[in-house]
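Colleague: I have not seen this one before. Can you walk me through it?

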Amino acid sequence: MTARRQMRLKELAQELGLSIPTVSRALGGYSDISEATRARVKEAAERLGYVPSRAGRMLVSGRSDFIGMLLQVRDHQMLDASLGEFVAGLSEGFALEGKDLFIATVTASQSDLDVLTHIVDGQRADAMVLNRTMVNDERVSYLLDRNFTFVTHGRASGEKRPYAWVDTDSEGAFALAVERLVALGHRRFALMGSEEPFNFSHIRRRAMEAALNEHGLALLPERVAAPRLTAPDRFLAEAMRLLSLPERPTAILCVTDALALAVLEAARLKGLSVPKDLSVIGFNNIPVAAYSDPPLSTFDQEAQRAAGLVARMTLELIERGPAALGHHLIKPGFIERASHGPAPAG
């Protein structure tokens, strides 16, 4: 079967008996074209299968209709469950408005800033979405310096200039976790954090320490494990170290579910019963968390909701500029499963 040839703008204009500029501006939604003409052109384009050329739209509007996002592929770690859910939600949010998300991969031989500069200088995107922000994030500083449109999923605590972000209330979540576990009699706490300076890990540790201090407790240095989140083969070893301390912790908070699952496996190898001997709480609520042994108590960061907010904020910034700057802090829900309970006696 011969493929149907794509209708051209000139042919659509001839079909309607209008000039090419009038049809082009009607499809672009310009206010100098009457509503009746815009509706007529849109109906004909849909009926005849006309699809505007992206290159042509860019020439007229100065926009690419692409929104970029960086994805690190170092150490062969591309997508985990929570990031995959976020990317899917983001793509859907943009697609509903006729925009496309493109993923710019960052390999081991590149830096995020190298790839970001290539996108910005090449005008390859109308805006950027930044994920997994650092405490002092050079990507945020660079985009602010360049006055380039962007929204972050997560904050960069070290940046004091205003920018648009969506984040999860990690402070509230970890404070709640400590409160619940202290009420259950726990006094020896440990943390599975991150070696990388991710802002979410920094915030969760700070919140945990502040909550413990309110109860006259401390997070001892030897009870903090910080493997690289891009090196999951180290998770189990760090969890085993915590469970081998002379005064073994009775409660371990983890900044991600993947770390919490490693703690559950370490407890199994050490012959410990969860939650009888040890309580474990994670963060993210990845799908597998519900099927661990025991099912993992965790916080749901609502990745799809966050993605929808990021998409909406990005599109508003593209249309309205700095007037649309804002931020959203999402309260995560506590998913109470079976991996936490009363502190062991003694």
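Modeller: One definition to start: a helix crossing is left-handed if the near helix is turned anticlockwise from the far one by less than a right angle, and right-handed if clockwise. This is a predicted model, where local features need pLDDT of at least 70 and side-chain atom pairs pLDDT 80 or more, while totals for chains, interfaces and linings use all residues. Residues are numbered from 1 along each chain as its sequence is written, and side-chain values use heavy atoms, without hydrogens and water.

Colleague: Ok, which hand is the crossing of α10 and α11?

Modeller: Right-handed. Helix α10 covers residues 235–243 and helix α11 covers 257–269, with helices (H or I, at least four residues) and strands (E, at least two) taken as DSSP runs numbered from the N terminus.

Colleague: At roughly what angle do the axes cross?

Modeller: Roughly 55°, and the axes come within 8 Å. That makes α10 oblique to α11, since under 35 degrees is roughly parallel, over 145 roughly antiparallel, 65 to 115 roughly perpendicular and the rest oblique. The axes are lines fitted to C-alpha atoms, for helices over the stretch in contact, with angles from 0 to 180 degrees between N-to-C directions.

Colleague: Which residues in α10 and α11 meet?

Modeller: From α10, F235, L236, A239, M240 and L243; from α11, A258, L259, A262, V263, E265, A266, A267 and L269. Contact means heavy atoms within 4.5 Å. The residues of this contact divide into 12 nonpolar, no polar and 1 charged (Ala, Val, Leu, Ile, Met, Phe, Trp, Tyr, Cys and Pro are nonpolar, Asp, Glu, Lys and Arg charged, the others, with Gly, polar).

Colleague: Changing topic. How many aromatic pairs are there in the whole structure?

Modeller: A search finds 6. Rings of Phe, Tyr and Trp (its six-membered ring) pair if their centres lie within 6.5 Å; planes under 30 degrees apart are stacked, over 60 edge-to-face, the rest tilted. F66 and F102 are edge-to-face, because their ring centres are 5.9 Å apart and their planes stand at 90°. F66 is in strand β1 (residues 66–72) and F102 in strand β2 (residues 100–106), so this pair ties together parts 36 residues apart in sequence.

Colleague: And F150 with Y163, stacked or edge-to-face?

Modeller: Stacked, with 6.1 Å centre to centre and 20° between the planes. F150 lies in strand β4 (residues 150–153) and Y163 in the loop between β4 and β5 (164–168), so the pair ties together parts 13 residues apart in sequence. F150 is buried at 5% relative accessible area, and Y163 is buried at 10% (buried is under 20%, exposed over 50%, partly exposed in between, with a 1.4 Å probe and protein chains only). There is also an aromatic cluster of F174, F283, F299 and F334.

Colleague: What about F94, buried or exposed?

Modeller: Buried, at 0% relative accessibility. F94 is found in helix α5 (residues 81–95). Leaving aside neighbours within four places in sequence, F94 is in contact with I67, K99, L101, V129, A311, T314 and L315.

Colleague: What is phi for N147?

Modeller: About 55°, positive although N147 is not a glycine. Most residues other than glycine have a negative phi. N147 is in the loop between α7 (138–145) and β4 and is exposed at 69% relative accessibility. E302, also not a glycine, has a positive phi near 55°; E302 is partly exposed, at 28%.
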